[in-house]
Amino acid sequence: MYFNRRAKKIHTEGEQLVLTTLRLEASDLQDPGQGATLSTRLTDKFDKRPACSSGGYRKADDEMSGTTSQADPVDASARSVLLNGTQTTKFCDNHVSTTKYGVLTFLPRFLYEQIRRAANAFFLFIALMQQIPDVSPTGRYTTLVPLIFILTVAGIKEIIEDYKRHKADNTVNNKTTIVLRSGAWQTIIWKQVAVGDIVKVTNGQHLPADMVIVSSSEPQAMCYTETSNLDGETNLKIRQGLSLTATYQTLEDLIGLSGRLECEGPNRHLYDFTGTLRLENQNPAPLGPDQVLLRGAQLRNTQWVVGIIVYTGHDSKLMQNSTKAPLKRSNVERVTNMQILVLFCILLVMALISSVGAAIWNKQHTEESCWYLNRADDISTNFAYNLLTFIILYNNLIPISLLVTLEVVKFTQALFINWDMEMYYAETDTPAMARTSNLNEELGQVKYLFSDKTGTLTCNIMHFKKCTIAGLTYGHFPDLDCDRSMDDFSTLPASPNNSTEFDDPTLVQNIETHPTSPQICEFLTVMAVCHTVVPEREENGIIYQASSPDEGALVKGAKGQGFVFTARTPRSVIIEARGKEMSYELLNVLEFSSNRKRMSVVVRTPTGRLRLYCKGADNVIFERLTEASQYKELTMAHLEEFATEGLRTLCFAYVDLEEEAYQEWLKEYTIISTVLKDRAQKLEECYELLEKNLLLLGATAIEDRLQAGVPETIATLMKADIKIWVLTGDKQETAINIGYSCRLITHGMSLIVVNEDSLDATRAKLTAHCSSLGDSLGKENELALIIDGQTLKYALSFELRQAFLDLALSCKAVICCRVSPLQKSEIVDMVKKHVKAITLAIGDGANDVGMIQTAHVGVGISGNEGMQATNSSDYSIAQFSHLAVWGSMALWMVFFAVYSSIWPSIPIAPDMLGQAGKVMQCWYFWLGLILVPAACLLKDFAWIATRRTVRKSLLEEVQELEARAVDPGAAVLRDASGRSLNERAHLLTRVFRKAPSTVGRSNSVQQTVSHGYAFSQEEHGVVSQSEMVRSYDTTRERPSL
């Protein structure tokens, strides 16, 4: 592999140079007819390291994946793809199927699934026995007919559900795309796309197959893709074709493209790709993962891209990561199976005893003594026949009518779910759908809920909502004169985007007359200048292309206040400030990274002044402010207000630079940018030299819009003692912000953050936290565990899995960030097997399919990330809030009354006539209605009351002291025996103490996360942020294809 962008260990620049040289030298020795090249063999000597999967973590061969990791399939042989020619090898077609059954496989697979049920197997056995002449004391069809009815109903249900999957597959397979064939562009359907085709994809379209980029409408063959359907990340990713093919932008150029593309065989590694492009009369060019666009991704902010198809259908990486729908059984069904086996054993014992008794009776009563029975042709003297007869005779010990009733009830429940208007989403005309009725009883027993974030909890739509400038806050809702609280904010109805944009005329008025007018203008200028957004002019105005949705929201916010970003050239940023065009010369871009948590640009203003604009997280900005900077206290107070509303904040600052000092820094920067060792770290240190003595301007607040009713739904589920874990592929800060805004995490809750990069460090951190919790380990505490995918690679290993699980179960909330689809599945499987509780997984993207299929109950959301999660789920809904739709006991009473009065008159159930009246008049019915629930709860109530009186936990003791307005400090810092408590005590101390906010925070245990900053840029991409902004000249017309 040329290089692996996601792997933790990558080649150094020196190794890359050696590898490139070896490839070029080996290519001269390559026999064109050979399948395996010498360059490949030489490269393999350098690239002998474990394969990486989605998310960059190692697979089962490094002992990190545990028993739940699926073994990687053996990589298929490398393939050679001819360009504009007939393929010599037959490849997989582009037809995909996510169905459970086929025409030929339905009957055997369906019967296997049904016979797995002990009851069905038993009644099949009885039905077969009844067909033996002179054995059955009952009719031949008394069991067979009900069994056929059960299997027929189940079969029709499975056919209907699988037919829906077929329809969804056909919808995908029959999408259209544009392919170059016979010297012209032709529109064909997806399933007709073949390996080697040159395909054109336009903006907003999904990719029909895995393809290598040839050229695009963007400079240097760049393009933007949204991969939330693959890995859950919300930021756009930049992919770039080779400079060798970037100029192939006309039909004639593409028709003349000849040569071959060699690449590895199909595999499931989303972020790995190894290939070589060999064009005629050109040197071979290496291909890596940054030149590949994957099926399932969506082209964004790019007019068009042309690529060569390399993997189609089930060979594509998306389908390689998917699995066949599992055959799930409910917990009730498992218990019933066991009970039926016990009853069957009892039945055998009864039949055996009866057969022995019959044999003894027959021996004692000969034919001569019982001449009146006429037993000449009687077979009752045969022990085996008698045994079968008694088994058939006693088969009612396991009533088949119960199974018929259960099937009918489950099927009816599924219909009620489909018809429930409270679970119908009118905006998209999407009702709830029970794709299976076998798991209905599991829905009321769920203990752990695993949720995706993007598209499940959030809409992935960013809005610039509020800001603070020079100590004054701006931004309000049009229908209110005051700012809303978090309660009002979370219940905001879904509405068009325009109604939720920033709207405060006071800001525009203050630009004219207020003393803070210079600061306001400078603040809006930073919003319009300091970013990596690219403007694109269309007939109706300007469309902003932003790899980060947060930056797009800020640029649109500045536009709404009269500071319009109009054009970008390689050396300047052009804005229109309140009708006046201004050009800022772009000198340097100090790039964003998750370590720096900020981004800066050095510009020369229209007045000729050198100025650095900086935006970033509040803690990193405040650390770099000059002592003379104003508004710090007011801005921090406003940040606290924004944080309580769940808004994501960014602080803005600037500093004027001296020409001489800047030139000296520029020389140092030029030297460092060419070093080979630790370049990234040294560049960050170099950026620090400029980013100091800043003057604070203010801060922005961005809303990552939640789906309607998410906070209330989560609060309801937590009241029902359902534990909620968020598993997301997004960044840690983003996930924590959403945790606060949806009320999964409260601001009084302490955070345990585990971000380690080695097995030993992870072991030490988990062990330390577990031991510090002491007696509270395994019990729910006011803590939230935050862990990233890199650390999970070690935490899910066999030796650390139990420690990780113990710590996670001790926390009220768990958020796992940057996790791969396989890691999501592993986490669900770990809880499913070790906790012995019913699990439910909910998501809306292809990256959620694994955990949806692994959980006891899988719920798919019909969202914006395709239908693969819905097609693989057991139940599908349109909104997360539909998880908490309540039933009513009163409706049951009404149904009972109607059932006992209407049905008998048809007549369907004449024995029910008048039952409702008799029941309602029966005093012990009402007594039982009160006593039974009270008796069930009495044991739990008595236990809790006794424990809280005799042996209080630290949390309960502190709560009682606070209720009596007594300082809990003494109780928190000492246990009952007077011994000092450590981390557990300090955690709980911070929970209940009203401590003032601090700018800095601990890396391990935090009372709160400093107000989450709004950044989701792709880091360490194929094109740096600086190179990207300098590649565009929007004053020129883009190439068309």
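In this predicted model, the largest nonpolar core comprises 52 residues, and Val601 and Tyr613 have the most contacts inside it. Helix H14, residues 517-529, gives the most to this core, with seven residues. In soluble globular proteins, nonpolar side chains tend to be buried together.

**Loop residue threonine 605**

- Threonine 605 lies in the loop that runs between strand E23 (598-604) and strand E24 (610-616).
- Its relative accessibility is 9%, so threonine 605 counts as buried, the cut-off being under 20%.
- The side chains of threonine 605 and threonine 607 make a polar contact at 2.8 Å.
- Leaving aside residues up to four places away in sequence, threonine 605 touches Tyr584, Arg611 and Tyr613.

**Sheet E1-E8-E9-E10**

- An open sheet is formed by four strands in the order E1-E8-E9-E10, with antiparallel pairing.
- Strand E1 (79-83) and strand E10 (285-287) are the edge strands, and each pairs on one side only.
- On average, neighbouring strands of this sheet are turned by 20° against each other, direction ignored.
- Five bridges join E1 to strand E8 (residues 259-263) in the antiparallel sense.
- Within this pair, valine 81 stands opposite leucine 261 in E8.

Conventions:
Residues are numbered from 1 along each chain as its sequence is written. This is a predicted model: local features need pLDDT of at least 70, side-chain atom pairs count only at pLDDT 80 or more; totals for chains, interfaces and linings use all residues. Side-chain values use heavy atoms; hydrogens and water are left out. Two strands pair if DSSP finds at least two bridges between them. Helices (H or I, at least four residues) and strands (E, at least two) are DSSP runs, numbered from the N terminus. Axes are lines fitted to C-alpha atoms, for helices over the stretch in contact, and angles run from 0 to 180 degrees between N-to-C directions. Buried means under 20% relative accessible area, exposed over 50%, partly exposed in between (1.4 Å probe, protein chains only). A polar contact is a pair of N or O atoms within 3.5 Å; within protein, one must be able to donate a hydrogen and the other to accept it, and residues adjacent in sequence count only if both atoms are side-chain atoms. Contact means heavy atoms within 4.5 Å. A nonpolar core is a set of buried Ala, Val, Leu, Ile, Met, Phe, Trp, Tyr and Cys residues joined through side-chain atoms within 4.5 Å.
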